[in-house]
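Subject: Structure handover and findings

Hello,

Here is the structure you will be working with.

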Amino acid sequence: MFRAFRPLIFQLDAERAHWLTVQALARAPWAAGWTGEVVDDPVTVMGLRFRNRVGLAAGMDKDGIALKGWHGLGFGFAEVGTVTPRAQPGNPKPRVFRDVGNEAIINRLGFNNGGVDACVQRVAAHRAAGMLVGINIGRNKDTRAEQAVDDYRYGFEAAYPVADYITINISSPNTPGLRDLQAEAALDTLLAALAETRARLADAQSVYRPMLLKLAPDLDDAGIRSAADIALKHGIDGFIATNTTIARPPGLSPGVAGEAGGLSGPPLATQARHVLRTLRAACGPEVPLIGVGGIDGPQAARARIADGADLIQLYTGLVYHGPGLVARLARALRES
């Protein structure tokens, strides 16, 4: 079905096609019929039991409006967001660009979302039974650098009652100054504050929520190791490798390569895999890692597990290969 409709979908503006897809899934929790199979391959990571290793990456469903649809497609978990304390429109349009020949996307959306409180209400009301949901949090574009910690603390406190895990996004290239939080002193301050916040919330609510850190693929090895050391010092439970890249590898479509924003899809895969392997070496065998970026088929999924990932996430691969990709990857990982 996806192969039949893809030419029509790709005639639409990329962002509009994205929006219509999420809206359709929000109204179609029966979407399992699109895949033909929901793969049961349970695995326990961070104390959470995932029905399989294939998850939805943050950015596809920023506001958490299609949770039952993602569950119906067979995902083992879904990560919604990035959400910010206050609703914001994001960057001016156009801001999403396809490079069809490379099955890549460049986006500069800029955390367009309806705010963390609205997202939390949807997650509480509409999640599917048995579906694990992570909430990815960031800061508002107009928040001054010295107040960034307050934005993350607000998002963390709002998400804590309903999220199965919470991801700290300091690695998007589309919010000015956000990646500065990956620097040693800024990261240390931020994670110290969130560790204190989690300890307080865990005590008050009698539940422990895992906290993950999502890193950029553009960090050098020293930066990756430094971020890992600081994060582990403050009790981070795992890492997501990686966000989109500001690099422009050779071979991109000239009409797309000049656009500002983060690049995703297969051209990102080499960088994302390098960060994942470097994190695994820095963290040892026990720290949970989620691999994302350029996973477009069973071979790529198995390679990411071999690189050290415990779970994987999809975004751009889903755009180009359709909902059947979820079951194909989950089945490949189960068989291997």
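This is a predicted model: local features need pLDDT of at least 70, side-chain atom pairs count only at pLDDT 80 or more; totals for chains, interfaces and linings use all residues.

Residues are numbered from 1 along each chain as its sequence is written, and side-chain values use heavy atoms, with hydrogens and water left out.

Overall build

The protein has twelve helices and 13 strands. Both are DSSP runs numbered from the N terminus: helices are H or I with at least four residues, strands are E with at least two. The radius of gyration is 18 Å, close to the 20 Å of the globule rule for 336 residues, so the protein is as compact as a globular protein of that length. That radius is taken over C-alpha atoms, and the rule is 2.2 Å times the number of residues to the power 0.38. The C-alpha trace spans about 50 × 45 × 40 Å along its principal axes. Of the 336 residues, 59% count as buried. Buried means under 20% relative accessible area, exposed over 50%, and partly exposed in between (1.4 Å probe, protein chains only).

The sheet

Three strands form an open sheet in the order β5-β6-β11, with antiparallel pairing. Two strands pair if DSSP finds at least two bridges between them. β5 (96–99) and β11 (262–264) stand at the edges with a single partner strand each, so one side of each has no neighbour in the sheet. Neighbouring strands are turned by 20° against each other on average, direction ignored. The axes behind that angle are lines fitted to C-alpha atoms, for helices over the stretch in contact; angles run from 0 to 180 degrees between N-to-C directions.

Four bridges join β5 to β6. Here Arg 98 stands opposite Ile 105 in β6. The hairpin of β5 and β6 has four residues between the strands, and Glu 103 takes a positive phi near 50° in it. Ile 106 faces Leu 263 in β11, and Asn 107 stands opposite Gly 262. Both faces of β6 are covered: Ala 104 and Ile 106 are buried on one side, Ile 105 and Asn 107 on the other.

Salt bridges

A salt bridge here is a side-chain nitrogen of Lys or Arg within 4 Å of a carboxyl oxygen of Asp or Glu. The count comes to 14. Three of them are worth a look.

- Asp 164 and Arg 127 meet at 2.3 Å, N to O. Asp 164 lies in the loop between α5 and β8, and Arg 127 in the loop between α4 and β7, so the pair ties together parts 37 residues apart in sequence. Asp 164 is buried at 13% relative accessible area; Arg 127 is partly exposed at 24%.
- Asp 150 and Arg 153 meet at 3.3 Å, N to O. They are three residues apart in helix α5, separated by about one helical turn.
- Glu 157 and Arg 200 have their closest N and O atoms 2.7 Å apart. Glu 157 lies in α5 and Arg 200 in α6, so the pair ties together parts 43 residues apart in sequence. Salt bridges with shared partners join Glu 157, Glu 196 and Arg 200 into one network.

Surface patch

Leu 12, Trp 19 and Leu 20 form a nonpolar surface patch with about 270 Å² of accessible area together. Patch residues have over 30% relative accessible area and no salt bridge; like charges are joined within 9 Å, nonpolar side chains (Val, Leu, Ile, Met, Phe, Trp, Tyr) within 5 Å. Areas come from the Shrake-Rupley method with a 1.4 Å probe, and for residues only the protein chains shown count as cover. Trp 19 is found in helix α2 (residues 14–26) and is partly exposed at 48%.

Best wishes
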